[in-house]
Amino acid sequence: MFELAIKIVINGLTSSLVYILMALGFTLIFGIMRVVNFAHGELYMVAALLVYVLVGSWGWNYYLVVVLAAVGVGLFGAVLERVLFRPFIGRELNGMIMALAISITLQATAFILFGPDEHSVPRPISGVIQLGTVMVPRDRLAVGLIALLILGAFYLFMRYTKVGLAMRAVVQDEEIAAIHGVRPKFIHPLAFGLGAMLAGFAGALMAPIYTIYPYMGSQPMLKAFIVVILGGLGSVPGAVLGGIVLGLSESVFATLINTTVATMVSFGIVVLILLIKPTGLLGR
Amino acid sequence: MSEVVLEVAGLTKAFGGLRAVSDLSFSTFRGEILGIIGPNGSGKTTLFNLITGVFPATSGSVRFRGNPMSGLQTDAIARLGLVRTFQSATVFKHEPVYENIRRGSMFGCIGNPAWFFRRGRVAAGASKARTTAEDLLEFSGLADVAGTLAGNLPYGKQKMLGVAIALAQHPLQLLMDEPAAGLNPSETEAMGEFIAQIRSKRGIDVILVEHDMRMVTSMCDRILALNYGKVIAIDVPAKIVAHPEVIEAYLGADFE
Amino acid sequence: MTPMKSLLKFLAIIAALAVLPFLLRSPFLTHIGVMICLYTALALSMNLMLRIGQISFAHGAFMGLGAYGSALLMMRLGLPFPLAFFGAALAVTLLAWLVGLVFLRIRGVYFVLLTFAFGEIIVLTFIEWVSLFGGSGGLAGVPRPGWFGHEIQSRDGFYLLALALAAFAYASVHAIYRSELGAVITSLDENEALTRSLGIDSRRYRLLTFCFSAFLAGLSGALYGHYLTLVTPEDYGFGVPVNLVVLNVIGGVAHPIGTVLGALLLVPLPEFLRDAKQYQVLLYGILLIFFLLFMPDGLYGAINRFRRGEKGGTQ
């Protein structure tokens, strides 16, 4: 019984960390640009595909590729903002439709280039670690640790750099931030790029753990969406809290009943939150 | 003794710890134009929103012609005969002037979608809307621009149109939010004359929330002065401008 | 054009469309005709929501509930087709009313997300509640439509049914937009504060629009289920409302004929590109991006501008 609980908690926490990465990117993009980035899952997928090509086919070093893929996806995100999202500032619904369009375009492109089949990437680390009587796969642990590192770096960036501060100011109140000299034309692509990079990290880290296929971004996107609603659209600490809550809740329901029910419960919580407190647990 | 139209009693609105208005009480009488003045932050806007049902009061009551209005939505209040205008010109920009006014009348008849099914109601409403629109085009001096898209009108005329749209509902009392805001002196004068005619020719009572002191003192029968969410004084203009507390409240603020 | 003349013109067009399969004698084209008609009705239901400035991602679920509902009412309760068909659609409308009472208090992006979550829950219910909905396999052997002992077996017969639905959807939406109801709906989107200050109960009107929209989606879903004789959960997920939005944006939201144009242009594509479905999706995506950026009024808007230009720029 205790083992089951530990298993639930560990699974929950390692999923949480990746959800948090996705959610942070998603919430950053929404908080700063008020865009619901329906293409966020596809950014995750693009990074995973990059890992597949560069590591799986060309044999590059996995950890190097993780960084390259994340940065590459980040740059891609900044370009997307500049070219496709900028015309829709202030028109939230149209911006959302544009994100949808990008999402289906990326999915279809991936399908055409790589086919519908699932591909896999060799695991960089294998084996398990024994914590007491519980077996924890080493690669999941590694993913969790790296994710923690990235989260830590992100936190430091947002807290202590000028750009990070500027971004937080914009999330709080764009007008006041503008008065203090924060220029949206500069912040928006940066925010989108940063958010995309986080999704890229998530995708690259998860690439060896799960299989890679064109629609692999849908699930993480959904999770990110749920986490962000839970925690509050635009709230960075909310994304963290939401990620933990979702990871644990899903782990409980998935282990005790099944994953479908777990997802239904998650969406049910979303509906409740949107109805009662749309700004989420920690949002304003 | 004139009958009471709008009766505000002990009205209080608190946002968290902040009391935007405290224990406001006053009444308006049939046939009068009441002005509401106060510096920024005095609670004018909150009072306006409370009367028009934008949000509920923390305590106290508002009665319109004896009907309690707490908990009513803005559209229900409009249907009762208390109609508001907007501080910034609010019109249907993509429709011609005629259609704007016509909608003002027509929409009042079909406020509740269930009324579509009442026999003849829509037809009667449509015919009344047409007559109302023609009449008000003349009355508001907009007949020459009847076919122009509202968005293409100069700002002053857009504000007049906003008032005409409100009048199209045949209100009993008009609640005007800074009618002079954004208008130049000659437009302000035209608006002032228009409001005076609304009372004298149409018998509609008016409450004006305004900053423009010249308009307020020249037009209003009485003025209600607010500060810090409380009533300082309610009296005829001559007494209000000489009132020591009112003068003090305005020291340093706009006093046109 | 007087109302009588428009009505006659409309009926003439419908009559012409009705005889088309008998002239063309191609099962494949008839099939496309059925799909165009069904998607026209669906896209028009979405058009209603877009007119009040809201996107509903619940419409896939409404479609699915109509499909499952009608199939189940016939298969499990033995109801005749007309009862099952309308009964299911009315049940969907009732659900939309209940859901709308709560959801329509919320606006903008949050409303879209709410309907999205709701849609996902419904589809997951289709998968999870195996005893009622048949799980991921869904329901097979859905009976064909029919009444008074006469069953519709042929594709041509189905086409006429679908055409009737599309005609009904078009006529009702068009009539709504031309009426005072339409003026209220567009006013609500253009300036809600002003509209409410004129005495319009905006919540009731939005609810009414949402319910009728769901009704059309339910009818379309029911017919879709009977056409395929198979109702599976994956047909009613998030992809449906996305497609409907694509159809409306590309066709043009401003007039129902734009929606029809969108359906005429885009629905045949997946049928022609059956083996290359992904190319169809890619095309949808690229077209959508293009139209959003450069032709937000859609095809209808472009044609309108062109015609006005031809007339020498009047107005």
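Of the 256 residues in chain B, 46% are buried (20 or more other C-beta atoms within 10 Å of the residue's own, with C-beta atoms placed from the backbone). The model is predicted, and local features need pLDDT of at least 70, side-chain atom pairs count only at pLDDT 80 or more, and totals for chains, interfaces and linings use all residues. Residues are numbered from 1 along each chain as its sequence is written, and chains are lettered from A in the order in which they are written.

Chain B contains 9 helices and 10 strands (DSSP runs of H or I of at least four residues and of E of at least two, respectively, numbered from the N terminus). The C-alpha trace of chain B spans about 55 × 40 × 40 Å along its principal axes.

The contact between chains B and C takes 21 residues from chain B and 20 residues from chain C, two residues being in contact if their C-beta atoms, placed from the backbone, lie within 7 Å. On the chain B side, two or more residues each come from helix 2 (74-80), strand 6 (82-85) and helix 3 (97-109). Helix 3 of chain B gives the largest share, 5 residues.

In chain A, the axes of helix 9 (residues 218-231) and helix 11 (residues 259-276) come within 9 Å and cross at roughly 35 degrees; axes are lines fitted to C-alpha atoms over the stretch in contact, and angles run from 0 to 180 degrees between N-to-C directions. A:Ile226, A:Ile229 and A:Leu230 of helix 9 meet residues of helix 11 including A:Ser266, A:Ile269 and A:Ile273.

Conventions
A residue is buried if 20 or more other C-beta atoms lie within 10 Å of its own, exposed if 12 or fewer, and partly exposed in between; C-beta atoms are placed from the backbone.
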